[in-house]
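Please consult the sequence and structure below before reading on.

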Amino acid sequence: MKPENMIPRCAPEEVGVASGAVLKFVDDAQRMIRELHSFMLVRHGKVAAEAWWKPCAPERPHMLFSLSKSFTSTGIGLAVAEGKLSIDDPVLKFFPDDAPETVSDHLASLKVRHLLAMASGHAEDTIQRVFEAQDGRYFKAFLSLPIEHEPGTFFCYNNGCTFMLAAIIQKVTGQQLIDYLQPRLFEPLGIEGARWDLSPAGTTMGFTGLHVKTEDIARLGMLYLNRGVWNGQRLLPEAWVAQATAKQVANDQNDNPDWQQGYGFQFWRCQHGAFRGDGAFGQYCLVLPEQDTVIAITSGTNNMQVVLDLVWQDLLPALAPQTLPADPQGVARLRERLASLVYQPPAGLNAVAMAERVSGREYQVEANPYAIDQVIFDFGADGCKLSLREGQKVYTVRLGNGAWLEGETEYFQKQPMNVVASGVWLDAATYQATMRFFETPFVHTLVCSFNGRQVVIEGEINVGFGERRIPTLKGKCA
């Protein structure tokens with residue numbers, strides 16, 4: 001990384017933050033959120049506090065979910081600045097071959113600005129219906145859907161809108177969104193190693209799928225806090241930053257106070273004059289202009305509001321308008337606490353006899369939604385290799401013996417993912433496997449109950465958009 005892109009570090013008191021307030025935030029997060037993965041507090045251009053709960057680490061990227069949207073919006077802002085499009089361009093302009101035979105008045109009036117503001121006029125999120133298109137023509141599927149309200153008059157959080165924005169970038173630049181952003185945003189900000197998932201048809205997802213580090217989230221927030229300027233270089237027009245972070249459409253039908261302050265261009269307005277990009281399960285780029293502060297957070301919680309509540313409760317009141325007296329002892333206590341943050345593996349029993357009895361057995365599994373047809377547990381001195389077969393494909397996870405074992409597995413999403421995994425015996429016949437996919441919000445827990453020549457595997461995911469229980473697997477050894 002270029003030296004000019006390094007964000008300086010300082011003691012919290014140097015930028016008007018009491019170390020004790022940060023310590024309280026960490027302790028409260030540990031108690032109330034449980035799955036906070038990282039946070040970074042940047043004030044007056046300096047990192048005043050930063051923390052990662054191991055195995056999460058500064059160099060590890062994290063899945064952003066809908067926080068990706070704010071990066072997509074930034075891409076549109078850059079393209080507008082280069083004259084490649086206008087936010088008042090009709091959406092149909094970019095997809096002439098995908099327009100329906102009969103164009104409704106609402107579709108004809110749909111503009112890029114409406115996509116940006118989640119004000120396309122659709123009554124509900126479109127992405128599932130778009131991705132169900134059998135011919136893979138997702139743009140055509142989006143344009144074919146009825147638009148129930150006049151564009152610009154109705155807020156609906158609509159992933160399909162952001163997907164179309166990413167597609168428009170590709171149309172007007174001839175590049176994938178991530179490639180377009182590389183020299184214009186990522187390189188100037190010092191964001192390295194970003195990756196972005198593609199749709200099945202090969203378009204950057206836009207609404208989700210970006211993976212970057214916690215500090216990279218903070219860098220985006222700093223760019224917007226500084227009205228589009230980074231290290232003295234203007235990357236985004238000031239007018240774009242003002243538009244993107246201002247209230248473009250009312251969303252006061254939501255009961256939640258931080259989700260009813262208005263929506264900008266893929267940014268939410270917040271309480272206390274703040275704005276944010278956010279993603280499912282607690283991924284945040286929170287900008288507080290009045291306090292000259294950016295807070296970046298990654299986590300794995302189904303209660304996103306509690307994360308913001310803790311910021312308002314513990315950190316906001318601690319942002320003093322002037323520097324504070326040095327507090328070496330407070331800084332030492334805080335640093336010691338931050339260095340100690342870790343997710344401990346579950347504790348269990350020593351069940352060597354059962355491990356030896358079931359090790360190597362091939363359990364044939366009954367029909368199940370995952371199409372897993374065989375499970376094998378191979379126990380050794382350092383833990384267990386769990387193998388799940390789906391036809392000719394075998395997914396394996398290596399579980400440490402009461403300790404985390406880091407590795408890579410395709411078990412979860414059928415593509416390589418980094419994981420730390422641990423296995424323990426809960427009793428003489430019950431083995432628990434815990435898999436922490438630490439670059440995502442997800443933790444999988446499998447409870448394997450052995451009875452004679454049979455095994456029943458029940459599982460749960462810590463967070464999810466719907467049912468979090470993993471379908472039960474029932475296996476029998478021949």
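E215 and R219 are both buried, where buried means under 20% relative accessible area, exposed over 50% and partly exposed in between (1.4 Å probe, protein chains only). The model is predicted: local features need pLDDT of at least 70, side-chain atom pairs count only at pLDDT 80 or more, and totals for chains, interfaces and linings use all residues. Residues are numbered from 1 along each chain as its sequence is written, and side-chain values use heavy atoms, with hydrogens and water left out.

**Salt bridges**

- The count is 23 salt bridges, each being a side-chain nitrogen of Lys or Arg within 4 Å of a carboxyl oxygen of Asp or Glu.
- E215 and R219 form one of them, at 2.8 Å from N to O; the two residues are 4 apart in helix 9 (residues 214–225), or about one helical turn. Helices (H or I, at least four residues) and strands (E, at least two) are DSSP runs, numbered from the N terminus.
- Shared partners link R9, E50, E215 and R219 into one salt-bridge network.
- D98 and R137 also meet in a salt bridge (3.3 Å, N to O). D98 lies in the loop between helix 2 (68–81) and helix 3 (105–108), and R137 in the loop between helix 5 (127–131) and helix 6 (138–144), so the pair ties together parts 39 residues apart in sequence.
- D98 is buried at 10% relative accessibility, whereas R137 is partly exposed at 37%.

**Helix 12**

- G330, V331, L334 and L338 are buried in helix 12. They cover an arc of only 100° around the axis, which puts them on the same side of the helix; the arc is that of the directions from the helix axis to the C-beta atoms.
- The face turned away from this buried side carries the exposed residues P328, Q329, E336 and A339.
- Helix 1 (19–32) and strand 2 (46–52) are among the elements covering the buried residues of helix 12, contact meaning heavy atoms within 4.5 Å.

**Cysteines**

- The model has 0 disulfides, a disulfide being a pair of cysteine sulfur atoms within 2.5 Å.
- The sulfur of C161 is 7.7 Å from the closest cysteine sulfur, in C156, which is too far for a bond. C161 is buried, with a relative accessible area of 0%.

- An open sheet of 3 strands runs in the order 3-5-4 with antiparallel pairing; two strands pair if DSSP finds at least two bridges between them.
- Strand 3 (62–63) and strand 4 (195–196) stand at the edges with a single partner strand each, so one side of each has no neighbour in the sheet.
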